[in-house]
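Me: I have a structure to go through for class. Can you help me read it?

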Amino acid sequence: MISEAPPFWWRKADWRAWLLLPLSFLYGRIAGHRMAYARRASVPIPVICVGNFTVGGAGKTPTALTIARAAKAKGLKPGFLSRGYGGSLDVTTVVDPDHHRAVAVGDEPLLLAQEALTVISRRRVEGAQRLVAEGADLIIMDDGFQSARLAIDYALLVIDATRGLGNGHIVPGGPVRAPIRQQLRYATALLKVGGGNAADRIVRMAARAAKPYFTASLKVRSDNTLAGAKVLAFAGIADPAKFFRTVESRGAEIVVAKSFGDHEHLTEEEIDDILTTADGQGLLIVTTSKDFVRLSGHHGKAERLAEKSRVIEVDMVFEDHSAPSLIIDRAIAACRERRLREIKAGVKASPGKADPL
């Protein structure tokens with residue numbers, strides 16, 4: 001999957017999107033076929049997938065964290081399943097936030113592991129089996145909706161209300177991962193994040209397909225007041241502009257803004273430039289949680305930048321506060337139905353502990 005989305009993906013379709021249309025058509029056919037016909041392995045516990053329609057961030061990780069907190073409040077032991085994108089490890093691994101670094105396991109898994117049991121695996125079925133063996137009774141997949149490797153009990157697709165589907169074209173002409181109608185067919189519900197109207201069309205399509213949708217917004221934690229501060233803001237996420245808007249919403253004046261590639265590990269020269277610029281202009285350095293964990297565990301200039309950086313913490317807040325609990329309940333019910341169908345059909349779930357449901 002392409003990790004760095006070209007800017008033209010997020011504007012009205014231009015000659016580049018149309019020139020790439022044959023490749024987009026081919027990519028879409030392959031992705032759609034995989035979703036429709038790939039054999040999905042089964043595990044004996046509920047699986048919630050937090051995915052999105054497009055390449056790039058839409059708020060999946062904070063959404064997964066919110067659902068995990070709701071699961072823990074219900075007395076469950078949730079486990080996150082991540083591919084470990086951006087990390088070097090290619091073996092199934094239980095993430096230890098006190099031991100691992102982002103360069104090994106990826107930045108998102110490190111954030112997830114601070115909240116709950118987290119496993120990274122390039123092979124999602126193997127990763128799910130490891131979570132079952134580790135005692136999880138609910139799996140929350142961070143991404144992986146289009147991979148069609150694991151039976152999913154509840155698929156929540158997150159869409160940013162400001163960026164929407166971008167130019168609406170499929171990779172490589174646009175950010176869409178597979179034909180929209182095909183994706184909607186396998187989605188359980190949508191989560192619209194933010195107050196823009198770029199997601200309205202897909203929400204209407206979902207409504208016509210009898211798919212429910214929730215609304216939510218990213219809320220900055222109350223201790224992140226920046227009123228009157230002059231800052232240097234840096235971000236290596238899918239949509240740095242969203243982070244910069246968040247910083248400004250806290251009353252800060254961004255004197256210098258530096259954008260880097262999604263999941264990008266900063267070079268020594270880039271770190272030195274940030275430190276030198278901030279020191280020279282007397283600026284407070286602010287960044288995202290993901291950027292901060294990529295600096296954690298290092299020494300030298302990276303350690304100094306981590307010490308000087310103020311992290312802007314955000315949470316995904318559902319408009320309906322009962323929604324995360326409802327999603328979990330429906331996933332549990334769907335898992336029961338799936339297991340009954342499999343028992344009747346003589347299908348054996350992948351190895352793991354006895355079904356707790």
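Me: How many salt bridges are there between domain 1 and domain 2?
Reply: The count is five salt bridges between domain 1 and domain 2. A salt bridge here is a side-chain nitrogen of Lys or Arg within 4 Å of a carboxyl oxygen of Asp or Glu.

Me: Which side chain does R163 meet in a salt bridge?
Reply: R163 pairs with D239, at 3.6 Å from N to O. This is a predicted model, where local features need pLDDT of at least 70, side-chain atom pairs count only at pLDDT 80 or more, and totals for chains, interfaces and linings use all residues. Residues are numbered from 1 along each chain as its sequence is written, and side-chain values use heavy atoms, with hydrogens and water left out.

Me: Where are the two domains in the chain?
Reply: Domain 1 covers 23–216 + 315–343, and domain 2 covers 221–311. The bounds come from an automatic or database domain assignment.

Me: And how far apart are their C-alpha centres?
Reply: The centres of domain 1 and domain 2 lie 28 Å apart. The contact (heavy atoms within 4.5 Å) takes 19 residues from domain 1 and 14 residues from domain 2.

Me: New topic. How much area do the domains bury between them?
Reply: About 1400 Å², with 53% of it on carbon and sulfur atoms. Buried area is the accessible area (1.4 Å probe) that two parts lose on being put together, summed over both.

Me: Which residues in domain 1 lose the most area to domain 2?
Reply: R101, D107 and L111 do, and together they make up 35% of what the domain 1 side buries.
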